[in-house]
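This report looks at how charged side chains pair and how nonpolar ones gather in the structure shown here.

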Amino acid sequence: QKLNLPLTKRNQIKTEFANQWNEIEKQLNQDSFWFFINNGENENYATRIALLFDIITNNTDSSNKYASYLKYAEGSEPLDWNKILDIFRKIHEWYTDEKYYHRIGFLVNSKKMSFSAIEDLYETHKTKPKSVFYNELEKTIENFKKSFDLSSINYKDQRFTCKNVLLLYNILIFEKDFPKQKFPFDMYVNEHAGTTTIAHTL
């Protein structure tokens, strides 16, 4: 259908598409934004916008950074650019809301949920009041809290659980003592390989 449009209109559409692509990629390349939806394990992407393509194509082949692009290049998958825009706008909305930002960032970085799974959860509840989706996030975090006994866990035998407990503790401290400020998930990812916690580095 676009081929039937006047040349000037087609060029306008191409320019608009390029500008939107560049704006999304620019935002995703800010680590403070990227690491609340990506825990640093999957850095195979040629461009970070590929994460959004993976979501709309349900791609689970993280080893192939071009898998989603190939679906469009081969014509096996129609490009739903509006869906990409919708997902990005929703991510940006969550990023600017500290409560959503902290809960989504915790679930992604604790590996309790992938961002793709969170997006699926949102799609399931998007026609319902916003509180329904938010409460589902809270419920997952509450289930994590119930999965361990704080008085008996130890770092030697339960290192992964301890890291997640410390992560959640630091996030809650931020919400209590530094309202309107965001926990730096990018710093957390950079420190994740060691034993130092964000609370010790700030």
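At 33% relative accessibility, Glu93 counts as partly exposed, whereas its salt-bridge partner, Lys130, counts as exposed at 54%. The model is a predicted one, and in it the side chains of Glu93 and Lys130 meet with 3.4 Å from N to O. This pair links distant parts of the chain, since Glu93 belongs to helix α5 and Lys130 to helix α8 (residues 130-145), 37 residues apart.

By the rule used, the count comes to 13 salt bridges, and the table lists some of them.

| Salt bridge | N to O distance |
|---|---|
| Arg48 and Asp31 | 3.1 Å |
| Glu93 and Lys130 | 3.4 Å |
| Glu119 and Lys83 | 3.9 Å |

Arg48 lies in the loop between α2 (31-34) and α3 (50-57) and Asp31 in helix α2, so their pairing ties together parts that are 17 residues apart in sequence. Arg48 is buried, with a relative accessible area of 14%, while Asp31 is partly exposed at 33%.

Glu119 sits in helix α7 (residues 115-125) and Lys83 in helix α5, so this bridge ties together parts 36 residues apart in sequence. Glu119 is buried at 3% relative accessible area, and Lys83 is partly exposed at 22%. Salt bridges with shared partners join Lys83, Glu119, Glu123 and Lys126 into one network.

Turning to the nonpolar side chains, the largest nonpolar core has 51 residues, of which Ile24, Phe36 and Ile104 touch the most other members. Helix α5 (residues 81-95) gives the most to this core, with 8 residues. Leaving aside residues up to four places away in sequence, Ile24 touches Ile49, Leu52, Trp81, Ile84, Leu85 and Phe88.

Technical notes:
Residues numbered from 1 in each chain as written. Predicted model: local features only at pLDDT ≥ 70, side-chain atom pairs only at ≥ 80, totals over all residues. Heavy atoms only, no water. Core = buried A, V, L, I, M, F, W, Y, C linked by side-chain atoms within 4.5 Å. Buried < 20%, exposed > 50% of the residue type's maximum accessible area, 1.4 Å probe, protein only. Helix = DSSP H or I, 4+ residues; strand = E, 2+ residues; numbered from the N terminus. Contact = heavy atoms within 4.5 Å. Salt bridge = Lys/Arg side-chain N within 4 Å of Asp/Glu carboxyl O.
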